[in-house]
Amino acid sequence: MGKYREVIYKLKDKEAESLIIEDLNMIDFSKFFIEEDAERSINLLKLYFNLKDEYEKEVLSRLAKYNLELVADQILEEKNWLDEWIKSVKVFEFIDGVWINPYLDKKVEKPGLVLNIVPGSAFGTGTHTTTKLAAKLLSEIGCEGKYVLDVGTGSGILAVYAKKMGARYVKAVDNDIFAVEKAQEAAKLNKVDIDIQKSDLLKDINTDIKYDILVSNIIAEVLIELIEDPKFHIILNNKANIVFSGIIKEKEDIMLTEAKKYGLELKKRMEDVGWVALWFQKVI
Ligand SMILES: C[S@@+](CC[C@H](N)C(=O)[O-])C[C@H]1O[C@@H](n2cnc3c(N)ncnc32)[C@H](O)[C@@H]1O
């Protein structure tokens, strides 16, 4: 563990927050988190760079356009930003009746479902709006007895949730090996059986299994790539339900046009603080 540069900005509103997250996701930068300060009702954006970090220049120049107020810019000695973040997490209600237990060594009893998701370098600790929207739609669809595919599983949170809702078989893929490892850890911790594989979207998965539900919380550009892949249509059963999340409001129309072009019928949309999640059904 070496020195880190920590840059902290004050965030003005939730809409800007979603645009910023989308911007950082676009370049695959993940060493940041948003700290909510409920007492002062402000959110802080905390970013971490290794010294000589390849992302540093690109990230800071992308953020310049938001005119954020700089709160701190400092070099931290031998401090692990991940540990600092982990210290700040608590048990919380992820969506109605579903709780997240972020502790590796503590059991939590709550009415409803408890998902054990320990924070780490993979995305998906349950605090993010896009994950919550995807989970809400999954719960509405219902996973009992279903074959579910989670594309871009991150920490494995949605795959674990689907399995805990009674899915018969869950497959989860991610193109990031750290996410694959984290998702495997989550499956073990939750004592659920999930088939987890490294794959760039659907490239490395076989077409023997057909799915009833596909969930993917990535960004609009990548979701469009997914719809355009012929394999996407091959591996889905007729009337399969598809949940797309991670779409910023500005990209919703493109998503809808693209989905319609490929025979997906919109069943429901949900929106929160500039993020949109769409539930489609394959009509043929
Ligand atoms: C926004 S996170 C979502 C994580 C989790 N599913 C959730 O809902 O919280 C997106 C995830 O998609 C993965 N991802 C991005 N592009 C991908 C691709 N082309 N193929 C597979 N996974 C991808 C990222 O590594 C990341 O883990």
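Visitor: Why is Ile-248 called buried?

Guide: Around Ile-248 there are 20 other C-beta atoms within 10 Å. A residue is buried if 20 or more other C-beta atoms, placed from the backbone, lie within 10 Å of its own, exposed if 12 or fewer, and partly exposed in between. With 20 such atoms, Ile-248 is therefore buried. Before we go on, this is a predicted model, in which local features need pLDDT of at least 70, side-chain atom pairs count only at pLDDT 80 or more, and totals for chains, interfaces and linings use all residues. Residues are numbered from 1 along each chain as its sequence is written.

Visitor: Where is Ile-248, and what is it in contact with?

Guide: Ile-248 belongs to strand β12, residues 236-248. Helices (H or I, at least four residues) and strands (E, at least two) are DSSP runs, numbered from the N terminus. Leaving aside neighbours within four places in sequence, the contacts of Ile-248 are Ser-18, Leu-19, Glu-22, Ala-220, Gly-274 and Trp-275. Contact here requires that the C-beta atoms of two residues, placed from the backbone, lie within 7 Å. Ser-18 is 230 residues from Ile-248 along the chain, yet 7.2 Å separate their C-alpha atoms.

Visitor: What makes Lys-239 exposed?

Guide: Lys-239 is also found in strand β12. Its count is 11 other C-beta atoms within 10 Å, so Lys-239 is exposed. Lys-239 has a positive phi of about 70° although it is not a glycine.

Visitor: Which value does phi take in Asn-67, and is Asn-67 buried or exposed?

Guide: Phi of Asn-67 is near 50°, again a positive value in a residue other than glycine. Most residues other than glycine have a negative phi. Asn-67 sits in the loop between α2 (56-64) and β4 (69-76). Having 9 other C-beta atoms within 10 Å, Asn-67 is exposed.

Visitor: How do you know that the buried residues of α6 line one face of the helix?

Guide: In α6, the buried residues are Ala-179, Val-180, Lys-182, Ala-183, Ala-186 and Ala-187. Seen down the axis of α6, these residues fall within an arc of 165°, so they line one face. The arc is that of the directions from the helix axis to the C-beta atoms. They pack against α5 (157-164), β9 (169-174) and β10 (195-198).

Visitor: What span does α6 have, and what is expected?

Guide: Helix α6 (residues 177-189) has 13 residues and reaches 18 Å from its first C-alpha to its last. The expected span is 1.5 Å times one less than the number of residues. For α6 that expectation is 18 Å, and the helix is close to it. Just after α6, Lys-191 takes a positive phi of about 55°.

Visitor: How many residues surround the ligand, and what makes a residue count as near?

Guide: The ligand is surrounded by 21 residues, the closest being Gly-124, Thr-131, Gly-152, Gly-154 and Asn-217. A residue is near a molecule or strand if its C-beta atom, placed from the backbone, lies within 6 Å of it. Two or more residues of this shell come from each of α4 (129-141), α5 and β9.

Visitor: Which domains is the protein divided into?

Guide: There are two: domain 1 (4-87) and domain 2 (122-282), with bounds from an automatic or database domain assignment. Their contact takes 9 residues from domain 1 and 6 residues from domain 2. The centres of the domains, taken over C-alpha atoms, are 26 Å apart.
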